[in-house]
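Visitor: Please take a close look at one part of this model and then relate that part to the other places that deserve attention.

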Amino acid sequence: MTTHPDPAARTADATFGPDLVEVFGPSQADGGPDLVQLLTPEGERVHHPDFDVDLTPEELRGLYRDMALVRRLDVEATALQRHGELGLWAQLLGQEAAQIGCGRALAPQDFVFPTYREHGVAWCRDVDPLHLLGLFRGVDHGGWDPAAHGFGLYTIVIGAQTLHATGYAMGLQRDGVVGTGDAARDAAVIAHFGDGASSQGDVNEAFIFAASYNAPVVFFCQNNQWAISEPIERQTRIPLFQRALGFGFPGIRVDGNDVLATLAVTRAALQRAREGQGPTLIEAYTYRMGAHTTTDDPTRYRLSSDVERWKLKDPIARLEVHLKRNGLADAAFFDDVAAEADALGARLRAGCTAMPDPDPLAIFEQVYAEVPDELVAQRDGYAAYLDSFEEAGR
Amino acid sequence: MRLTLAKALNAGLRRALEDDPKVLLMGEDIGRLGGVFRVTDGLQKDFGEDRVIDSPLAESGIVGTAVGLALRGYRPVVEIQFDGFVYPAYDQIVSQVAKMRYRSRGRSPMPMVIRIPFGGGIGAVEHHSESPEAQFAHTPGLKVVACSNPADAYWMIQQAIASDDPVVFLEPKRQYHADKAEVDEAATPPPLFSSRVVRAGSDVTVLAYGPTVRTALRAAEAAAGEGRSMEVVDLRTLSPLDLPPVLESVRRTGRAVVVHEAHVNLGLGAELAARITEECFFSLEAPVLRVGGFDTPYPASRIEEHFLPDLDRLLDAVDRSLAF
Ligand SMILES: Cc1ncc(C[n+]2csc(CCOP(=O)(O)OP(=O)(O)O)c2C)c(N)n1
């Protein structure tokens, strides 16, 4: 028998459970000793025994360009929300490397199941950012064709897509496109989710199904330390990547602010999946530099000193330093990217503000494959009702 | 004191926490943040993390552990962040919360409140604007109420917490921070499971709850200018229904229109139409009409105003009823 402490004796701000420093060790704030890193926050290239990438200068510049443009997309969308052009925006600020790293690890035949924040991955799958803006503007629930881009619709119900990803991967197994040895054919699936989502039943069930069927799926968790106002400690008492072991597949923690390490680790995990070796959990250790969304006020729950500390680990700045220091990119390159970002910003502003509201009767479209007569009648009734105003106005 | 609906709920929750040490609040982001709508603002600071609990991100977990807390003698008040996120908890609510008393032959009461911000009109992305009330009203063992104004919010939340039955408590999110109204803490509130005539009239009875009460009152105002007299009933309780005031009104006016944001098909309006027809068939001058959300998923926000029953659609139904 254990005796319980008197709850009344606890102070209002006492937390339950063991001291977190005891559990995680003092280096937790830096991602701990298991963190896979190839580019330090200072821009220094380091090596890891298990993971590496060998990129040409052009490829390195490509990653920089991706991240810079995606950041601009994010900044622009945030501004458009402030000007009332979007209802909401979920910022990815600070998570560019995690998203571009995994996005550029994908093969064309792979399929992505995103959350609502995967703007960088969408970019890598050639989804026009205007579609993302359209969703947050409220003109539709996602204007792109998932099959055409290998990129599913954004999923707002936390964690649901991890099961869809697992089922899609089970489909790949049945289609015989796993483990054939043909690199142009073998496919895998990647499921995105957040640290908060790791608490959902759906996510844990996805882990079990994936393990049970050895499904070719990579679970890519961006641990940005926060689920709205709740810190990671509310969701887990062990480092998230270690959970994988309990489900029977490997878990890896990668520096999510390091685009090279994220690329290397995701490539390896996707390759494992394509070869038929089953699921992997990747925990991309990063930080949500912005608010949860444009309606959130993070000053209510987190310290600005925390944010300042993470600024020093900026994913774009470290690659920039690396490129410059090693003579891999000249001033003209950075000027070009800046100009390209300006052009992208202008295109997004113009495209977003010009986006028309949908036809009200779109409400009734695509509810069913075979439309019931009753719904047709409801639609026609509403059309007639709208017409009656037009006639009255004439 | 003059309060918004959100602040009135906050005051009601505060008073419930003060009055009964067994009352606990639990939900996502309800602690330091005070909830995404700030309904629980400041409560964790004042009552501590033992009583105002930030939960892991898992709705089934929230309601399922609340069941255990209730079994241990607590009175959990859980917050579901948005209507569209109640479904992961649906199994716990329908199979466990609703049936616990019945299965235990009354030995295990389930005094739980499940607070759900509901309804649309806030320009949100998907899953943030739904009206799932019929799904819970259809479930025996659950009681379902909806508040429509600050004074009701203040009293109804306390009454729901005091109830020994599980109560799904619906809050019209569009009105959280809208108009302030007087809340008299010394008043004697009407019983929780009672409906109320909020505007007297003689030509037609409009039945509304939650966010559509305001729509109905505005419509009544507009109709009065054109010589039509609408009586408006705020249902307040959806399960059980409080039919006597409804039937009394319809017998007088001979006409009834139900308005809710939820899909019309098998919504509360269907039950009300059936009951009114059964109980006052010979007083009716027109069939009971329903105005509500279309039988489609909730649309993208730029066209949500078309989906939501507004003043014009309600008045159109009133006209059709009167013309019958
Ligand atoms: C089932 C469900 N519950 C609650 C919410 C409300 N909500 C939206 S985002 C969020 C936090 C998500 O945190 P995390 O998974 O860490 O991802 P992040 O937003 O940080 O990228 C919550 C609680 C939701 N969308 N779905």
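Guide: Asn214(A) counts as partly exposed because its relative accessibility is 33% (buried is under 20% relative accessible area, exposed over 50%, and partly exposed in between, with a 1.4 Å probe and protein chains only). Asn214(A) sits in the loop between helix H8 (201-213) and strand E3 (217-223) of chain A (helices, H or I, of at least four residues and strands, E, of at least two are DSSP runs numbered from the N terminus). Although not a glycine, Asn214(A) has a positive phi of about 55 degrees. Most residues other than glycine have a negative phi, and most peptide bonds are trans.

The model is predicted: local features need pLDDT of at least 70 and side-chain atom pairs count only at pLDDT 80 or more, whereas totals for chains, interfaces and linings use all residues. Residues are numbered from 1 along each chain as its sequence is written, chains are lettered from A and ligands numbered from 1 in the order in which they are written, and side-chain values use heavy atoms, with hydrogens and water left out.

Asp29(B), a residue other than glycine, has a positive phi near 65 degrees. Its place is in the loop between strand E2 (23-27) and helix H2 (43-47) of chain B, and Asp29(B) counts as buried because its relative accessibility is 3%. A cis peptide bond, with omega about 0 degrees, joins Ser239(B) and Pro240(B); Pro240(B) belongs to the loop between strand E12 (237-239) and helix H9 (243-253) of chain B.

Asp297(A) lies between strand E7 (280-285) and helix H11 (304-311) of chain A, and it is partly exposed because its relative accessibility is 30%. Its side chain makes a polar contact of 2.5 Å with the side chain of Thr299(A) (a pair of N or O atoms within 3.5 Å; within protein, one must be able to donate a hydrogen and the other to accept it, and residues adjacent in sequence count only if both atoms are side-chain atoms). Leaving aside neighbours within four places in sequence, Asp297(A) is in contact with Leu33(B) and Arg38(B) (heavy atoms within 4.5 Å). Between the two chains, the contact takes 50 residues from chain A and 42 residues from chain B. The buried area is about 3,700 Å², with 57% from carbon and sulfur atoms (the accessible area, 1.4 Å probe, that two parts lose on being put together, summed over both). On the chain B side, Glu49(B), Leu57(B) and Arg302(B) lose the most area to chain A, together 20% of what that side buries.

The ligand also lies between chains A and B. A polar side-chain atom of Arg117(A) is 2.7 Å from an oxygen atom of the ligand.

Finally, Gln161(A) lies in helix H7 (residues 160-174) of chain A and is buried because its relative accessible area is 2%. The side chain of Gln161(A) reaches the backbone oxygen of His192(A) at 2.6 Å.

How values were computed:
A residue is near a molecule or strand if one of its heavy atoms lies within 4 Å of it.
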